[in-house]
Amino acid sequence: MRDGLLWTAGTALLLLSVAVAVTIGPARISVPDVWSAVAAHLGLGDTRLTPIRDGIIWNLRMPRTLLAAVCGAGLAVCGTVMQSLLRNPLADPFVLGVSSGASTGAVAVVVLGAGGGAVPVPAGAFAGALCSFALVMLLSHTLGGTTDRVVLAGVAAMQLFSALTSFVVMTAADAEQTRGVLFWLLGSLSGAGWTDVRVCAAVLAVTLLICLGHARTLDAFAFGQDAAAALGVRVTRTRTVLLCTTALLTAALVSSAGAIGFVGLVLPHAARALAGSGHRRLLPVTALAGAVFLVWADTLARTVLEPQEVPVGVVTALVGVPAFVLVLYRTRRTA
């Protein structure tokens, strides 16, 4: 009963948030206008909106808002899984250096012209993210494969790729390229399109199904990897599968939206306060909470200094840093 209430309330809040967020902006649009446009494009009726208003809703605001929801849900789910696997309340999707690798890949395409102009920026970011994660897995396996080694390898990869990105930007980028790369590195949903939404939503759906299939295993990891092994869990194999799955999802999200930090750190803790620690209930609630959070964070980012746009990563950081300090404080008190 409680699970159904949580999921129903979360889904309703998400749908309402998306509908209201699409109406916010310079053009006056109402919630009925949004439903009318969506219904018309889904073949459920005709719309009386002008082509311009319909285009604003369907081609500009709707894909951006939906991509924000997908990215928020995906990053929050990744953070939940990583915090359980690594038994570290401060773990988030970027602890494995995926974000830094994606940044390097994007910079290689934009500044160095990797691929001769045939490779889009998201593809370069995705390739860089996969290279970074492969390096982390190689280093952690060489060092023993324990959870602390994975975290340390992630920190090393993050610093390495961050240094590479800074070096390329400082030595090869002009002022315009530097500004564009910096905006992307801070997270931006301004270039969102329906292709981004479809790809990221598909990867999120597969990842969520895989993680829900391992829900009991994730519950076992809460007692430590020795206890999980005693319960029959194949610790190394399971951890590798789940880390690879979440890393691929993070790479897909970062390649479309840039490096949006703190979502995977903050939202899992908020969701646990609502849903408890059982992952079959926690994962869907976390996904819904992350989606709602990033929808409103992006809405604030594009409207607070209108017509100038603030990178959404700046907004999430302003919320995430105080929450990060709170988590640190609670961790110190319980240590």
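This is a predicted model: local features need pLDDT of at least 70, side-chain atom pairs count only at pLDDT 80 or more; totals for chains, interfaces and linings use all residues.
Q: How do you know that a polar contact joins the side chains of S84 and H279?
A: The two side chains come to 2.6 Å. A polar contact is a pair of N or O atoms within 3.5 Å; within protein, one must be able to donate a hydrogen and the other to accept it, and residues adjacent in sequence count only if both atoms are side-chain atoms. Residues are numbered from 1 along each chain as its sequence is written, and side-chain values use heavy atoms, with hydrogens and water left out.

Q: What else does the side chain of S84 reach?
A: The backbone oxygen of T80, at 3.1 Å. S84 is also in contact (heavy atoms within 4.5 Å) with L218, F221, R272 and H279, leaving aside neighbours within four places in sequence.

Q: Which class does F262 fall into, and why?
A: Its relative accessibility is 23%, so F262 counts as partly exposed. You'll find F262 in the loop between α11 (235–257) and α12 (263–275). Its phi is near 75°, a positive value in a residue other than glycine.

Q: How do you know that C200 is in no disulfide?
A: The structure holds zero disulfides. For C200, the nearest cysteine sulfur belongs to C71 and is 5.2 Å away, while a disulfide needs a pair of cysteine sulfur atoms within 2.5 Å. C200 is buried too, with a relative accessible area of 0%.

Q: What makes up the largest nonpolar core?
A: It has 81 residues, and V81, L96, L243 and L294 are those with the most contacts inside it. Helix α3 (residues 51–86) gives the most, with 18 residues. A nonpolar core is a set of buried Ala, Val, Leu, Ile, Met, Phe, Trp, Tyr and Cys residues joined through side-chain atoms within 4.5 Å. A second, separate core of five residues includes V111, V168, V169 and V181.

Q: What does V81 touch?
A: C211, L218, L242, T246 and L283, not counting residues up to four places away in sequence.

Q: How do you know that α4 is mostly covered?
A: Eleven of its 13 residues are buried, including V98, G101 and V109.

Q: How does the reach of α4 compare with the span expected?
A: From its first C-alpha to its last, α4 (residues 98–110) reaches 18 Å, close to the 18 Å expected at 1.5 Å a residue. The expected span is 1.5 Å times one less than the number of residues.

Q: What kind of peptide bond joins E306 and P307?
A: A cis one, with omega about 10°. P307 lies in the loop between α13 (279–303) and α14 (312–334).

Conventions: Helices (H or I, at least four residues) and strands (E, at least two) are DSSP runs, numbered from the N terminus. Buried means under 20% relative accessible area, exposed over 50%, partly exposed in between (1.4 Å probe, protein chains only).
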